[in-house]
Amino acid sequence: MITVFVASLIRTMDATQPEATAVAVRDGIILGVGTLETLSPWLDSDEYIIDHSFANKVLTPGLIDPHVHPMLPALLTQMPFIAPDEWDLPTGFFPSVATPEGYWNALAAAFDQHTGDDPFFTWGYQPMFHGPLTRTDLDRRISGDKPVVVWDRSFHGIYMNSAALAWFGITDVHSLATTPGARDCADLATGHFWEAGLESLMAGIQRQFLTPEKMMRGLGVFAAMVRKGGITTIADMGLGLMIAPEQELGMQKAAFDDPSCGFRVLSVPIETTFVADGSSTEQMFARIEAMQADTTGGNVQVTKHLKLMADGAFYSQGFKLCTPGYIDGHEGEWIVPPAVTEQIAKAAWNKGYQLHMHCNGDEGAKFSVGLVADCLEEKPRFDHRFTMEHWGYSTEEQNRRAAALGVQISGQPFYLRILGDKYADVGMGYDRAHAMARFNTVLRYGMNLALHSDCPMAPLEPLELARTAVHRRTLDGNVVGPEERITVEQALRAITIDAAWNLGLEETIGSIRAGKSADFTVLDRDPLTDLDHATVLGTVYRGAIVHDAMS
């Protein structure tokens with residue numbers, strides 16, 4: 001039977017037919033788009049029902065977030081958030097805390113609410129808002145005998161007190177991990193671990209948070225966040241980030257493989273897991289291909305995509321900058337040695353994989369764009385869609401070269417929102433800080449642009465990502481780099497059809513046209529004319545209403 005959804009307006013994101021008021025669906029596939037009158041040939045061909053659920057609502061293509069990390073929100077929502085930006089989660093509302101005094105007061109209050117013998121963990125610390133933090137500070141101001149662990153806003157760094165070091169079994173440098181860079185990214189005196197140094201903590205973190213029962217509950221929280229954001233497709237850009245990719249994939253299939261969850265998952269393995277466990281490139285591809293076979297036709301799928309890592313985190317200023325570098329002289333970090341990434345990238349390129357490069361600073365951009373050029377020289381490929389993920393700070397010239405090489409961008413606009421004011425004063429200076437998230441430049445040079453949350457680096461709210469890219473307003477309300485603002489239509493494309501292109505799924509999702517999956521987001525108004533006030537009311541996934549919040 002055919003179901004016809006009628007709406008006050010359907011924004012199709014299809015240039016040939018940008019607007020409609022009715023869409024016919026059968027077996028989860030769109031048959032036709034238009035009006036009840038123009039759909040009559042289909043309605044004459046089969047039994048049908050007309051669904052008026054959205055008669056006074058607006059439909060858009062199902063929103064897409066092409067870069068998330070399901071395991072991280074599943075883990076982090078097990079702890080209180082104390083962050084510069086507010087978070088409204090299924091686990092509670094956490095207000096913005098943006099001063100040092102406010103942070104220490106909130107940290108003490110959250111610690112006082114903690115019960116049991118397990119270590120106290122919290123997430124969201126950002127030194128430019130919250131001030132310095134050391135092992136001694138935590139011992140003195142929070143607890144000298146109970147383990148306290150503070151995860152920073154970037155997720156790429158952890159601070160802990162003396163009792164937490166003991167809980168993790170870290171007594172001296174010899175108790176640290178021996179993986180590349182692990183000992184270089186750990187400071188026992190201050191209790192600070194970052195980037196590769198986190199490998200020394202993974203066993204304890206897994207013991208505390210990554211039990212099957214806790215993670216399945218956490219993935220349920222994550223799924224609620226996805227549906228609330230109006231999202232019908234996500235890409236996990238880091239399968240294997242916390243645990244073995246096969247184990248994580250099993251959890252994802254248990255949580256999301258039934259389409260009733262309301263969204264599809266593209267799971268992209270990350271190179272760091274194979275580097276850490278010592279897999280050769282041949283072993284890596286064999287494992288990925290086994291996961292591809294295991295997910296063929298499922299709602300959770302591993303396909304020919306691979307995530308690579310260049311420079312460090314943006315929120316912690318671990319990213320790499322070209323001359324003149326950082327104002328204070330620090331240098332940032334490579335997450336994986338560039339020579340290792342280059343070897344893996346070229347092997348994957350030669351096997352036809354679509355590559356996604358985590359890339360934050362302009363030195364990371366320089367390396368990454370150069371790597372694309374080297375790959376093309378060794379083995380030319382058409383429509384390779386090498387994707388720069390985040391693209392936090394890049395130069396005009398790097399964008400121009402990236403475009404010439406056929407690169408596409410998956411950008412994270414919340415760097416600008418959270419850090420645009422702070423980085424102007426600390427680390428980068430006004431000119432470079434205001435040129436973060438250079439998305440108008442990306443589009444001006446003809447590159448495909450998608451917007452992502454990198455959740456938990458930003459909330460799972462594509463409409464908010466779009467608003468940030470359009471307005472470029474910081475937390476303090478300042479507009480920075482106005483020349484890099486993009487239009488509302490460009491922003492909507494970046495969370496629908498252009499995000500689908502980014503993932504190689506444009507023939508299936510991203511617009512409302514005949515032949516595509518019947519994935520829709522339900523809004524209270526037209527986002528093209530009133531993006532600032534548009535609100536998600538629900539979603540339709542494969543023709544089924546799965547998140548009905550209409551009132």
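Reader: What makes aspartate 152 the bridge partner of tyrosine 125 in β10, and how do you know that strand β9 and β10 are joined?

Author: Helices (H or I, at least four residues) and strands (E, at least two) are DSSP runs, numbered from the N terminus, and two strands pair if DSSP finds at least two bridges between them. Five bridges join β9 (residues 120-125) to β10, and the two run parallel; tyrosine 125 has aspartate 152 as its bridge partner in β10. This is a predicted model, in which local features need pLDDT of at least 70, side-chain atom pairs count only at pLDDT 80 or more, and totals for chains, interfaces and linings use all residues. Residues are numbered from 1 along each chain as its sequence is written, and side-chain values use heavy atoms, with hydrogens and water left out.

Reader: How do you know that β10 and strand β11 pair?

Author: Three bridges link β10 with β11 (residues 157-160) in the antiparallel sense, against the at least two that the definition asks for, and valine 150 stands opposite tyrosine 159 in β11.

Reader: Why is strand β10 called largely enclosed?

Author: Buried means under 20% relative accessible area (exposed is over 50%, partly exposed in between, with a 1.4 Å probe and protein chains only). Five of the five residues of β10 (residues 148-152) are buried, so the rest of the structure largely encloses this strand. Val148, Val150 and Asp152 are buried on one side, and Val149 and Trp151 on the other, so both faces are covered.
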